[in-house]
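Subject: Structure handover

Hello,

Here is the structure I promised to pass on. Please open it first, then read my notes alongside it.

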Amino acid sequence: MKKGEKRKKELLKIAYDMFLAQGYENTSVDEIIERAQIAKGTYYYHFQSKEQMLEEVIDMMIDSEAKMAEQIITMDIPVPQKIVMMITSMKPTEAEQPIKNALFQPENVLMHHKVRKKLITIITPLLSEVIKDGVNEGIFECDNITERVKMLLIISDGTFNEGSFSERDISVFIDMTEKLLGAENGTMSFIYDLIDKSNMEAVE
């Protein structure tokens, strides 16, 4: 690894640690520079802005999550369990929520869409490989697997990560997933436990 690339990775790790400790909004470029003990010009050689640094920190997180998902594919466990573990591995940890929350700020809306597109691009082929195994084992019965997985991820993200949703939304999504993949009723019920219900509408 070249010296410049190594320094950039070091700066991203420092920013990652500081964003976790005190939040993205509460961390200034000057504080990052001070922690890294570098000149301001060195910082701006690698990053045009703090926003660009946030995007690259998130890219670093996604790359790490993708490596975990790739390892899960090779595990000798049932297909539904692989799906659960892969989807879980592609989510920020609880400690990383301050970084994820920064994406939902109005000024970061374009970055949010860009990051979401990258995440779907990375996880689609990985999940597709597992779904193909499920087809071979008779768990699923479908074609055009890549397109089906991509559609499921887009609908899932739009439904459960973009605002409030109801218990009925979850039930319909699970039913739709089973039909889209040609699975028996109840096969994908485990999805219920994967969904973050903090934004779920209260039952009246």
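In the largest pocket, the lining residues divide into 25 nonpolar, eight polar and six charged. Keep in mind that this is a predicted model. Every value below is computed from it.

**The largest pocket**

The volume of the largest pocket is about 1,100 Å³. Its lining is made up of 39 residues. Which of them lie nearest the centre? They are Lys-91, Leu-119, Ser-156, Asp-157 and Asn-161. Several helices give two or more residues to this lining: α4 (50-73), α5 (79-89), α6 (97-102), α7 (109-136), α8 (145-160), α9 (167-181) and α10 (191-194). Helix α7 gives the largest share, with eight residues. A probe the size of a water molecule, rolled over the atoms, shows where empty space is left.

**The whole protein**

Now step back. The protein has 10 helices and zero strands. Along the sequence, the pattern reads α-α-α-α-α-α-α-α-α-α. Along the principal axes, the C-alpha atoms fill a box of roughly 60 × 45 × 25 Å. There are 204 residues, and 38% of them count as buried. The accessible surface comes to about 12,100 Å². Carbon and sulfur atoms account for 52% of that surface. Next, take the contacts between residues at least 6 apart in sequence. Of these, 64% join residues at least 24 apart.

**Thr-177**

Find Thr-177 in helix α9. Is this residue buried or exposed? Thr-177 has a relative accessible area of 3%, so it counts as buried, the cut-off being under 20%. Its side chain has a polar atom 2.8 Å from the backbone oxygen of Phe-173. What else does Thr-177 contact, once neighbours within four places in sequence are left aside? The answer is Leu-152, Met-188 and Ile-191.

**Phe-165**

Phe-165 sits in the loop between α8 and α9. Its relative accessible area is 0%, so Phe-165 is buried too. Leave out residues up to four places away in sequence, and Phe-165 touches Thr-159, Phe-160, Ile-170, Ile-195, Asp-196, Lys-197, Asn-199, Met-200 and Glu-201. Phe-165 and Lys-9 are 156 residues apart in sequence. In space, they are 38 Å apart, C-alpha to C-alpha.

**Two loop residues with positive phi**

Most residues other than glycine have a negative phi. Two residues are worth a look with that in mind. Gln-37 is in the loop between α2 (29-36) and α3 (40-46). What is its phi? The angle for Gln-37 is near 55 degrees, a positive value in a residue other than glycine. At 74% relative accessibility, Gln-37 is over the 50% cut-off, so it counts as exposed. Asn-144 is in the loop between α7 and α8. Its phi is near 45 degrees, again positive in a residue other than glycine.

**Where to look**

Start at helix α7, which gives the largest share of the pocket lining. Then go to Thr-177 in α9 and to Phe-165 in the loop between α8 and α9. Finish with the loops that hold Gln-37 and Asn-144.

Best wishes

Note on methods: Residues are numbered from 1 along each chain as its sequence is written. This is a predicted model: local features need pLDDT of at least 70, side-chain atom pairs count only at pLDDT 80 or more; totals for chains, interfaces and linings use all residues. Side-chain values use heavy atoms; hydrogens and water are left out. On a 1 Å grid over the protein atoms alone, a cavity is a set of points where a 1.4 Å probe fits but cannot get out, and a pocket is an open set with protein on both sides within 12 Å along at least five of seven lines; lining residues have an atom within 4 Å of a point. Grid points are joined across faces, edges and corners, and a volume is the space filled by probe spheres set on the points. Helices (H or I, at least four residues) and strands (E, at least two) are DSSP runs, numbered from the N terminus. Ala, Val, Leu, Ile, Met, Phe, Trp, Tyr, Cys and Pro count as nonpolar, Asp, Glu, Lys and Arg as charged, and the others, Gly among them, as polar. Buried means under 20% relative accessible area, exposed over 50%, partly exposed in between (1.4 Å probe, protein chains only). A polar contact is a pair of N or O atoms within 3.5 Å; within protein, one must be able to donate a hydrogen and the other to accept it, and residues adjacent in sequence count only if both atoms are side-chain atoms. Contact means heavy atoms within 4.5 Å. Accessible areas come from the Shrake-Rupley method with a 1.4 Å probe; for residues, only the protein chains shown count as cover.
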